[in-house]
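Have the 3D view open as you read, and click on each residue when it comes up.

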Amino acid sequence: GKWLNVPIYELIGGKAREKIQVYSWISGKSDSEFAKAALIRKEMGFRAIKILATDECHYIPQPVPSAQVVSRMAAIR
C-alpha cells in the first residue's frame, strides 16, 4: 500500500462496506455504576454494549439468571 500510495483495501478488491457497528465494554461495582457507564457510551454514540453481568468470571451452573444479573440489566435499561 505504501509503495503504491493506496489503501490496502484497494489492493484486495475495494471496500466491503461503508460502516460497521461496534460495541463498547462497560464495567462497574454497582447497578448505578453500570447504568452511568451505559449512559456515557450511549451519549458517545454507541448502540451496543458488552458487560460482565456477574461478579464471577466462570461458568455459572444456574439455569436462570441470578438476581444480580436481572438487577444490573434493569438499571442499564
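Start with Ile76, which touches Ile26, Phe34, Ala35, Ala38, Ile49 and Ile51, leaving out residues up to four places away in sequence. Touching, or contact, here means heavy atoms within 4.5 Å.

Before going on, a word about where this comes from. This is a predicted model, where local features need pLDDT of at least 70 and side-chain atom pairs count only at pLDDT 80 or more, while totals for chains, interfaces and linings use all residues. Residues are numbered from 1 along each chain as its sequence is written, and side-chain values use heavy atoms, with hydrogens and water left out.

**The overall plan**

The protein has 3 helices and 2 strands, and from the N terminus on they run α-β-α-β-α. Helices (H or I, at least four residues) and strands (E, at least two) are DSSP runs, numbered from the N terminus. Of the 77 residues, 13% count as buried. Buried means under 20% relative accessible area, exposed means over 50%, and partly exposed is in between (1.4 Å probe, protein chains only). Among contacts between residues at least 6 apart in sequence, 46% join residues at least 24 apart.

**The core**

Which residues make up the largest nonpolar core? They are Ile26, Phe34, Ala37, Ala38 and Ile76, 5 residues in all. Helix 2 gives the largest share of this core, 3 residues. Such a core is a set of buried Ala, Val, Leu, Ile, Met, Phe, Trp, Tyr and Cys residues joined through side-chain atoms within 4.5 Å. In soluble globular proteins, nonpolar side chains tend to be buried together.

Now turn to helix 3, whose buried residues are Val69, Arg72 and Ile76. They sit on the same side of helix 3 because they cover an arc of only 70 degrees around the axis. That arc is the one made by the directions from the helix axis to the C-beta atoms. An α-helix has 3.6 residues a turn, so residues three or four places apart point the same way. What covers the buried residues of helix 3 includes strand 1, helix 2 and strand 2 (49-51). The face turned away from the buried side carries the exposed residues Ala67 and Ala74.

Zoom in on Val69 for a moment. Val69 counts as buried, at 18% relative accessibility, and touches Ala53 and Thr54, not counting residues up to four places away in sequence.

Strand 1 covers residues 24-26, and Ser24 lies in it. Is Ser24 buried or exposed? Ser24 counts as buried, because its relative accessibility is 11%. Leaving out residues up to four places away in sequence, Ser24 touches Arg41, Phe46, Ala48, Ile49 and Lys50.

Trp25 is in strand 1 too, but Trp25 counts as partly exposed, at 46% relative accessibility. With residues up to four places away left out, Trp25 touches Arg41, Lys50, Ile51 and Leu52.

Phe46 is in the loop between helix 2 and strand 2. At 24% relative accessibility, Phe46 counts as partly exposed. Leaving aside neighbours within four places in sequence, Phe46 is in contact with Val22, Tyr23, Ser24 and Arg41.

Here are some pairs separated along the chain, with the distance between their C-alpha atoms.

| Pair | Apart along the chain | C-alpha separation |
|---|---|---|
| Trp25 and Arg41 | 16 residues | 9.0 Å |
| Val69 and Ala53 | 16 residues | 5.3 Å |
| Phe46 and Tyr23 | 23 residues | 6.3 Å |

Most residues other than glycine have a negative phi. Asn5, though, has a positive phi of about 60 degrees although it is not a glycine. Asn5 is in the segment before helix 1 (8-11), and Asn5 is exposed, with a relative accessible area of 69%.
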